[in-house]
Amino acid sequence: MGYKKLIQAVLVACSLLCLAAAAKMADRTGSIQVQEEELFVSGLRREYEFFLIADTHISLCDQRDEELMEKADRRREAFEQESGKSAVRTFQNLITESVKGEADLTIFAGDITDSAMHASIDFVQEQAARLDMPYLYVTGNHDFEYGSEYYSKKAYRDYFPRLQNLTGTSGQYVLYEYDDLIVAGINDKNNQFSGSAVKALLPYIKGEKPVILVMHVPLQPQYKESELEKRSNEVWGLSDKGRCRVLIGETACRPDKTTQRLLDAVFSKESAVAAVFAGHIHFYNRNMLNEKTDQIVTGAGYYGDAVRVRLVPDSGQK
């Protein structure tokens, strides 16, 4: 009798261990990792907390975009196989984390959707509606691609408007202004910025209030052989012309004249830009773009990565 009870106890213990392991594995499919950063900003009168998310690559499709069903499934499965996680589950958990942390602003820095499919956009809108604080949404190179329409005029004309409820604008930039701070987002258009967006943002970049500039593609640091550029090249490789493929800059994705106008303003000594927030490269990095401007790049959201940034009034100590 005692032997039977012992066997039963062992079986129960094994069952509990299996259940715990299964629960842990199930949680892993949506587990998240939040990097904590502190940023000292001159001119602030209070602290802010921002929650930065990018590159979740949500790939959901239904009958409304039936012709993309196979591609959507293939893309979703590829991201899940790479990360070992469900992008849908991690996105839900990232939104929950932002709500729990009571961020002043949730920032979506592009490639939140993997394509401009109705089901993907609907899902992101439903999750964003859970936020009880404002959010700012900029688009990347994938948000409004559609099938073979990638970086095309048709993509911008026909599929970018589907994201208008998320971006809050039909234009190529978005602003969120506080009494002592401006958060300015600018959309990525083939690694370039539109003339209307640059024209609208230049007065703020040259203004008095500190600015957090949000974009999808990070900027190339003004230092040679920066850690960011070195790792970007290791992860993504060089272009056919030997240039960095995933940053915007002189020896990377070369800016056109309009984009260069914005970069010149950002890098000038009089620039009001305290920091640039970005995504795109799928790994976390914090670097100095020049002697005064920080850049914080979040890792891929489909891995569950995000960054919580606390902005602190600069009292002269770093």
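**Reading the sheets and helix pairs**

Reply: Strands (E, at least two residues) and helices (H or I, at least four) are DSSP runs numbered from the N terminus, and two strands pair if DSSP finds at least two bridges between them. The model is predicted: local features need pLDDT of at least 70 and side-chain atom pairs count only at pLDDT 80 or more, while totals for chains, interfaces and linings use all residues. Residues are numbered from 1 along each chain as its sequence is written, and side-chain values use heavy atoms, with hydrogens and water left out.

Me: In which sense do strand 3 and strand 4 run, and how many bridges join them?

Reply: Strand 3 (residues 105-109) and strand 4 run parallel, joined by 4 bridges. Within this pair, Thr106 has Tyr135 of strand 4 as its bridge partner.

Me: How is the packing of helix 3 and helix 4 to be described?

Reply: Two packed helices are described by the angle between their axes and the distance between the axes. Here the axes of helix 3 (residues 87-101) and helix 4 (residues 118-128) come within 10 Å and cross at roughly 25 degrees. Val88, Phe91, Gln92 and Ile95 of helix 3 meet Phe123, Val124 and Gln127 of helix 4. By class, this contact has 5 nonpolar, 2 polar and no charged residues; Ala, Val, Leu, Ile, Met, Phe, Trp, Tyr, Cys and Pro count as nonpolar, Asp, Glu, Lys and Arg as charged, and the others, Gly among them, as polar.

Me: What is the strand order of the open sheet of 6 strands?

Reply: That sheet has the order 5-6-7-8-10-9, again with mixed pairing. Strand 5 (173-177) and strand 9 (285-288) are its edge strands, each pairing on one side only. The twist averages 15 degrees from one strand to the next. Strand 7 (residues 211-214) and strand 8 (residues 273-278) pair in the parallel sense over 4 bridges, and Val211 has Val273 in strand 8 as its bridge partner. Helix 7 (residues 195-205) packs on this sheet, touching strand 5, strand 6 (182-186), strand 7 and strand 8.

Me: At what angle do helix 7 and helix 9 pack?

Reply: Helix 7 and helix 9 (residues 257-267) pack at about 15 degrees, with their axes 9 Å apart. They are therefore roughly parallel to each other. Gly195, Val198, Leu202 and Ile205 in helix 7 meet residues of helix 9, among them Arg261 and Leu262. The contact comprises 6 nonpolar, 2 polar and 1 charged residues.

Definitions and conventions:
Axes fitted to C-alpha atoms, helices over the stretch in contact; angles between N-to-C directions. Contact = heavy atoms within 4.5 Å. Parallel < 35°, antiparallel > 145°, perpendicular 65-115°, else oblique.
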